[in-house]
Amino acid sequence: MTLTVFLTNTFYALALAMNMFVIASGLNLIFGVLRVINFAHGMFYMFGAYIIFTVTKTWGAPFWIGVLASGAGLAVIALVIERFLLRRLYDKEHLMQLLFTFAIVLLMSDAAKMIWGTDQYSVGYPPALKGAVRLGPTIVPQYLVFLCIVGPLLAIAMWLAVDRTRWGRIVRAATQDREMLSALGVNVPAVYAMVFTIGSALAGIGGALAAPRIALAPGMDATIINECFIIVIIGGLGNMWGSFLGALAFGFVVQFGTIFVPNWQDVLPYLLMLAVLLIRPWGLLGRPELSR
Amino acid sequence: MVDANSRAELTVDAIHTAYGLSQVLFGISIRVDPGECVALIGRNGVGKTTTMRSIMGLTPPRQGKVMWKGQDIARLPPYKICQLGIGFVPEERRIFPELSVWENLDIARRPAKAGKQGWSEPEVFALFPDLEGIRDRRGGVLSGGQQQMLTIARTLMGNPELLLLDEPSEGLAPLIVEQLRDKVAQLKATGLSIVLAEQNLEFVLSLADRVYILEKGEVRYTGTPADLRANQDIVKQYLTV
């Protein structure tokens, strides 16, 4: 492997990892606070990608408006789902929540076919980021450089919000003892609604950002939800920096696996998860539940 | 049995409370006047904690009313009851273990009623000086005494007008219990109304204005600490293990 090939692939791995981080961080946030495993997260991602297609291709709006529309669209969908349906299930067993989010997948999957049909679409790079950038001996698409910047920025923003603001302190307290938190005057259901909305908006934005580098077609939700779960589990459930590391590990394994062992491409992420779980069953940055 | 005494700030009127199928309270009625310290005493499992959880909305009563300043709060969610001026200090302390001491205080912060001197960090640290030195320590690593101070301080940050104190002396060393008694006396002196659930009779008798003795989810005796001291039969019947 030449240095150029190595650098190029490192870069593609980073871009993939950062795109995945945007999506997985939303799933992780929702699980960390609400303890709900949201199977519909992949579907939210797919809707984000479809929405940006409609907004930019059909309506001709700029790419950035499309990204915002995807985030806002999923925020609205999530808020409606949380307020009217999901909130009734917080006190129920996990199986009920799983079945519920799976039902959302089925409903939205058919809704997507009704709205967008079963054709394959593509979005293309936004005009401002169509070019290429010389990175040492290699040349890479500008848009992927942009993705590599977005990921760390989002991670830092989330870290600041959760670690350094009163809202973040309340969110962290909600993960530890929601009953006590409500006795201290905090409207915990409103906190839950906000977290579910933000986490889902991240899926929508992640889908919009992924749209230029992938083909949009039914079924794209199923792959992504598996990959997001792998990333979140590798990193440690509920741990934001864990998801960041998980996304990096995922990006590198997938990108370099495709080159070295192309036949194993689909299995590699699972092998990665298996390896991590054998060494640290609670994930890279997670902590054993007992210490809580 | 709504009391004719309209001075009462809190009137718990014949509440029945159950956890699922197991009923714990059978028509408990208590009254708290402004600035009064009322004690709920009785052995383990008689319904002291459940009475407090019912007032706070954590385990809403199935029947009966909880009147707070003329409003029935029995069906309100806990956060609204807190915002109306009732603060709960649970027996298990329930410090957020992953949050620092200061963060535990910060999330409970609520503005004081207009025109009142409110609680914020300086006042809280003046009352519990030990907390100031450990303000960056994680809640989960504090000693029992520190946790008890913090859980009271945290509730004070919400500027309650009525404090529900559940078994504050539980599991603390005698010296710490003595300090804690002084702190609660100081709080009472500020005019804060207090409902105190306790098993430690001395702790109760030195602080309370009135005492309710509970047994099997009912009030069995009401009186002043002086009445109770004079009536050793009652003490033997309901309190001695």
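Chain B has ten helices and ten strands, where helices (H or I, at least four residues) and strands (E, at least two) are DSSP runs numbered from the N terminus. The model is a predicted one, in which local features need pLDDT of at least 70 and side-chain atom pairs count only at pLDDT 80 or more, while totals for chains, interfaces and linings use all residues. Residues are numbered from 1 along each chain as its sequence is written, and chains are lettered from A and ligands numbered from 1 in the order in which they are written.

The C-alpha atoms of chain B fill a box of roughly 45 × 35 × 35 Å along the principal axes. For 241 residues, a compact globule would have a radius of gyration near 18 Å, and the 17 Å of chain B agrees with that; the radius is taken over C-alpha atoms, and the globule rule is 2.2 Å times the number of residues to the power 0.38. Buried residues make up 44% of the chain. A residue is buried if 20 or more other C-beta atoms lie within 10 Å of its own, exposed if 12 or fewer, and partly exposed in between, with C-beta atoms placed from the backbone.

One sheet of chain B is open and has six strands in the order E6-E7-E8-E3-E9-E10, with mixed pairing; two strands pair if DSSP finds at least two bridges between them. E6 and strand E10 (218–223) of chain B stand at the edges with a single partner strand each, so one side of each is left without a neighbour in the sheet. Neighbouring strands here are turned by 20° against each other on average, direction ignored. Within this sheet, strand E3 (residues 37–41) and strand E9 (residues 210–215) of chain B pair in the parallel sense over four bridges. Val38(B) has Arg210(B) in E9(B) as its bridge partner.

H6(B) packs on this sheet, touching E6 and E7 of chain B, and its direction makes about 165° with that of E6(B). Axes are lines fitted to C-alpha atoms, for helices over the stretch in contact, and angles run from 0 to 180 degrees between N-to-C directions. Two residues are in contact if their C-beta atoms, placed from the backbone, lie within 7 Å. Eleven of the 13 residues of H6(B) are buried, among them Met149(B), Leu150(B) and Arg154(B). These buried residues pack against several elements of chain B, including helix H3 (101–107) and helix H7 (174–189).

The other sheet to follow is open and antiparallel, with four strands of chain B in the order E2-E1-E4-E5. Strand E2 (22–32) and strand E5 (71–72) of chain B each have a single partner strand, so one side of each is left without a neighbour in the sheet. Five bridges join strand E1 (residues 10–19) to strand E4 (residues 63–68) of chain B, and Thr11(B) stands opposite Met67(B) in E4(B). Helix H1 (residues 48–56) of chain B lies across E1, E2 and E4 of chain B, at about 70° to E2(B). H1(B) also lies across E3, E6, E7, strand E8 (193–198) and E9 of chain B, at about 150° to E7(B).

Glu202(B) lies in helix H8 (residues 201–207) of chain B. Glu202(B) counts as exposed because it has 12 C-beta neighbours inside 10 Å.

The contact between the chains takes 17 residues from chain A and 21 residues from chain B. On the side of chain A that touches chain B, H6(A) supplies the largest share, six residues.
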